[in-house]
Amino acid sequence: MKKHLPILDVKAAFVDVGSEHMHVSVGGDEPKVFGSVTSQLHALRDWLLAQGVRSVAMEATGVYWLPLYGVLEAAGLDVRMVNGRQTRNAPGRKTDMQDAQWGATLHMHGLLRAGFVPTADIRRLQDYLRLRADHVGQAGSCVQLMQKALERMNVKLHDAISSLAGASGMAVMRAIIGGERDPAALLALCDVQIRRAKAEHVMETLRGTWSDEHIFALEQALQSWDHYQRLIADCDRRIQAVLPPYDPTLPALAGPAKRGGVNAPEIGMLREILAKMCSGRDLTRLPAHTPYGVLQIIGETGTDLSKWASEKHFTAWSGLAPGSNDSGKRHGRVKRSRNRVGRLFCMLASSLARSKTIALGAFYRRLAARRGKAVANKALARKLAAWFWRVMVKGDDYVEKGIADYEAQVRKGKERALRRLASELGQRLMPAESNA
């Protein structure tokens with residue numbers, strides 16, 4: 001008896017999104033074409049409602065889908081963003097019209113799996129955080145231009161101090177632009193610790209071959225850096241306005257606050273605000289999780305991680321878990337590309353590489369010695385992502401047991417493997433005699 005694929009929604013719609021045109025098909029019928037301007041998006045919405053459509057699927061094409069998604073979401077429609085791989089097997093010649101019909105047919109039979117899209121308030125926070133990250137990157141490029149200008153004048157200040165963008169470096173460069181050339185006077189602008197530890201070395205690095213064109217380049221780079229610092233401060237104020245206000249009546253969080261790094265936003269009581277957003281859970285108790293790092297992750301995932309059924313689903317979505325490609329006796333793996341969340345966890349994991357007290361640092365070094373640093377970083381990032389999911393969904397408390405406990409567990413594992421191997425070979429293990 002022949003069985004047909006069931007139709008779950010005869011009014012399921014699919015939109016093939018483009019920069020200029022939107023091709024819309026309902027139930028696999030002949031598509032209707034709309035423009036991409038606001039009035040046309042409203043006309044598309046009204047036409048779908050008139051057709052009795054309840055669910056619409058779209059491909060996440062660049063940023064072109066975002067305006068339409070907002071319009072359809074506000075109209076109460078169930079909007080599903082799908083990966084383009086799910087609609088790539090359209091038979092025959094590929095056109096936008098056929099793509100819309102094929103996508104609607106798949107959606108009608110329930111063959112399209114919805115991807116994750118954060119809520120509107122998290123998307124607003126996400127936009128501010130991503131814009132801020134762009135400004136931070138551009139400010140970093142300005143620091144490179146400053147260093148290049150100093151190199152052209154044979155001023156090796158960046159070799160003597162830890163960062164040109166620090167207070168000492170900025171004070172010296174502003175004085176150079178202002179006309180100061182005396183190494184002793186420039187050294188006096190540096191921090192007292194620099195003057196105490198390496199005064200002679202810094203003075204030698206400040207004896208340059210001053211050229212007007214390179215001083216002008218330094219001035220231009222510094223002006224650009226100041227400009228981006230103002231933009232970053234503006235973003236910080238917008239981010240703080242989006243976040244819920246700090247509630248002083250809530251109990252104080254236990255433990256000291258972690259340092260957020262030089263690029264952390266200037267937002268007061270950020271750790272407490274994030275704990276309030278996460279139903280009282282302090283994510284900064286996890287290793288390497290600073291308030292800024294937690295804010296960036298929440299800006300991508302939101303605070304409801306129950307949308308991922310398990311920690312394995314979450315780590316696979318972030319691109320930190322290996323993909324499988326099995327067919328019969330052939331077993332293979334598919335390389336997953338890490339999304340922004342996966343890259344954030346990898347960045348957090350890199351800060352644990354040289355930890356001397358945290359067990360995850362020992363895990364990284366043990367795996368890096370065997371498989372390399374790239375594999376170890378990704379594996380450690382996966383552990384951090386799994387812990388993040390467990391704290392947010394299960395409410396688990398992370399307890400740091402230290403490197404000694406981790407090494408004891410590794411030793412027990414090795415002993416079990418030795419006993420198993422000895423049993424297979426019909427041998428018996430004997431403890432080594434003590435030298436005492």
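## His109 in its loop

At 17% relative accessibility, His109 falls under the 20% cut-off, so this residue counts as buried. This is a predicted model, and it places His109 in the loop that links helix H3 (96–108) and helix H4 (120–152).

## How H6 meets H9

Two packed helices are described by the angle between their axes and the distance between the axes. For helix H6 (residues 167–177) and helix H9 (residues 212–242), the angle is about 130 degrees and the axes are 10 Å apart. That makes H6 oblique to H9. As for handedness, H6 goes past H9 in a left-handed crossing.

On the H6 side, the residues involved are Met170, Met173, Arg174, Ile176 and Ile177. They meet Ile215, Leu218, Glu219, Leu222, Trp225 and Asp226 from H9. Sorted by class, this contact has 8 nonpolar residues and 3 charged ones, with no polar residues.

Helix H13 (residues 340–350) has its N-terminal end capped by Asn339. Here a side-chain oxygen of Asn339 sits 3.1 Å from the backbone nitrogen of Val341.

Val341 is also one of the buried residues of H13, along with Gly342, Leu344, Phe345, Cys346, Leu348 and Ala349. And which helices do the buried residues of H13 pack against? Their partners are helix H11 (291–301), helix H12 (311–317) and helix H15 (373–394).

Terms used. Residues numbered from 1 in each chain as written. Predicted model: local features only at pLDDT ≥ 70, side-chain atom pairs only at ≥ 80, totals over all residues. Heavy atoms only, no water. Axes fitted to C-alpha atoms, helices over the stretch in contact; angles between N-to-C directions. Helix = DSSP H or I, 4+ residues; strand = E, 2+ residues; numbered from the N terminus. Parallel < 35°, antiparallel > 145°, perpendicular 65-115°, else oblique. Left-handed = near helix turned anticlockwise from the far one by under 90°. Contact = heavy atoms within 4.5 Å. Nonpolar A, V, L, I, M, F, W, Y, C, P; charged D, E, K, R; others polar. Buried < 20%, exposed > 50% of the residue type's maximum accessible area, 1.4 Å probe, protein only. Polar contact = N/O pair within 3.5 Å; in protein donor to acceptor, adjacent residues only side chain to side chain.
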